Amino acid sequence: MARITPNMLDAAFNDLIGRIYDAAIEPAIWHEAIESVRQRFEFEIAMLGVIKLPEGTAAVQVACNVKPPFAETIFEYTPDIPELWGGPAGMARLPFEEPILHSRVPSYRKHPGNRFYEEWCRPQSLVDEVVIWFGADRGMVANLGLGIHRERGVVAEEEFDQLRLLAPHLCRAVKISRVLDFAVDTTSTFRAAFDAIGSGALLVDRDLKIVHANRAAEEMLRLGDPIRSTVGQLELVREVLPGQLASAVAAASNESDLGRRGIGIPARRRDDTSVAMHVMPLERRSNRAGIELGAVAAVFVADAAQQSYTGANAVTLLYGLTPAEIGGRKARIGKPT
């Protein structure tokens, strides 16, 4: 079967990508975005978890179509989930940003006898799951789980191809939410959080002309490190792979074509420490975000010199939370009110 490319997708898929980016600037609609993913691919349930580290608290916790009391009891089974994947070591081998069908992994374990399966999955007629990991580092661990009902039938390879195209957009939205320090909520605007965060952030037009810079970015521009302004145009002083930033911003006006471009573009400061640039498309959401006309993308300067967690540690962090941390997460599950 031929692989699906972005220009082969329908308008509804492109709208779905747009909802994901809308959620990055308005977290109250994360539920709407993930529910749209669930409905498009006809999964029974969908659960997005973004855990902020080192606190272990849920920055984003969304559960779609999970009925009470299952939504209320999910965290009681966190110690039992890794067993179904062959333990932390088995989960550690799962690739990031790749939709993984649970029953296909080499470390797959039979369900009977596992508390999570017997008491949580089986009563909901869930027989399999697709999981997408978005990575883990010192600041965050995140994944998306898509539960499969026994009557759904197999997930077609074409659907896996579409999920592969969707994964980097979800990853970018999650990472940018982290850079924003999850400061955008129902009582503060994206623009307010954009200006308040300690990381450098800029709004640029399609030619990389700087439309607006927050205070941290203005200081970076003043020092010329790691970014500078040349006749009003944004430049990376020590871009590791020249042209990546310009390519990502140029692609931002067509969100479905953006793919992985603009996620973690590597660069260096004068002292040789690493930074990563994240590019988020804005042209379709400028009005709702209170962003200046002409801005097609937001560029975030993130600290890349962070200790990365191993896959096993990430599993422990995501599924080995203390009761107090679990209690703190429960309030964030389900549709925002």
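# From a buried serine to the cores and salt bridges

Ser36 is buried, since its relative accessible area is 17% and the cut-off for burial is under 20%. The model is predicted. Ser36 sits in helix 2, which spans residues 30-41. Setting aside residues up to four places away in sequence, Ser36 touches Leu16 and Arg19.

Step back to the whole protein. It has 13 helices and 12 strands. Of its 337 residues, 54% are buried. The accessible surface comes to about 14800 Å², and carbon and sulfur atoms hold 50% of that area.

Now the interior. Nonpolar side chains tend to be buried together in soluble globular proteins. Here the largest nonpolar core has 56 residues. The residues with the most contacts inside this core are Trp30, Ile34, Leu48, Val130, Leu166 and Phe300. Helix 6, residues 157-179, gives the core its largest share, 10 residues. A second, separate core has 25 residues, including Met47, Ile51, Phe70 and Cys121. Return to Ile34 in the largest core. Beyond its neighbours within four places in sequence, Ile34 contacts Ala46, Leu48, Val62, Cys64, Leu144 and Leu170.

Helix 9 shows how a helix can be covered on one side. It covers residues 244-251, and Leu245, Ala248, Val249 and Ala251 are buried. Viewed down the helix axis, the buried residues fall within an arc of 165°, so they line one face of helix 9. What do they pack against? Their partners are strand 6 (200-204), strand 9 (233-236), helix 10 (255-258), strand 10 (265-268), strand 11 (274-281) and strand 12 (297-303).

Follow strand 12 from there. Of its 7 residues, 6 are buried, so the strand is mostly covered. Strand 12 pairs with strand 6 in the antiparallel sense, over 5 bridges. In that pairing, Leu202 stands opposite Val299 of strand 12. Ala276 stands opposite Ala302 of strand 12.

Charged pairs come next. Side chains of opposite charge can pair when their charged atoms come close. The count in this model is 13 salt bridges. One of them joins Asp80 and Arg115, at 2.7 Å from N to O. This pair links distant parts of the chain, 35 residues apart. Asp80 lies in the loop between helix 3 (70-73) and helix 4 (87-92), while Arg115 is in helix 5, residues 115-121. Arg115, at 36%, counts as partly exposed. The pair belongs to a network of salt bridges that links Asp80, Arg115 and Glu119.

Two further salt bridges involve Arg228 and Arg238. Glu235 pairs with Arg228, with the closest N and O atoms 3.0 Å apart. Both residues are partly exposed: Glu235 at 24% relative accessibility, Arg228 at 36%. Asp272 and Arg238 meet at 3.2 Å, N to O. Asp272 is partly exposed at 43% relative accessibility, and Arg238 is partly exposed at 34%.

How values were computed
Residues are numbered from 1 along each chain as its sequence is written. This is a predicted model: local features need pLDDT of at least 70, side-chain atom pairs count only at pLDDT 80 or more; totals for chains, interfaces and linings use all residues. Side-chain values use heavy atoms; hydrogens and water are left out. Buried means under 20% relative accessible area, exposed over 50%, partly exposed in between (1.4 Å probe, protein chains only). Helices (H or I, at least four residues) and strands (E, at least two) are DSSP runs, numbered from the N terminus. The arc is that of the directions from the helix axis to the C-beta atoms. Contact means heavy atoms within 4.5 Å. Two strands pair if DSSP finds at least two bridges between them. Accessible areas come from the Shrake-Rupley method with a 1.4 Å probe; for residues, only the protein chains shown count as cover. A nonpolar core is a set of buried Ala, Val, Leu, Ile, Met, Phe, Trp, Tyr and Cys residues joined through side-chain atoms within 4.5 Å. A salt bridge is a side-chain nitrogen of Lys or Arg within 4 Å of a carboxyl oxygen of Asp or Glu.
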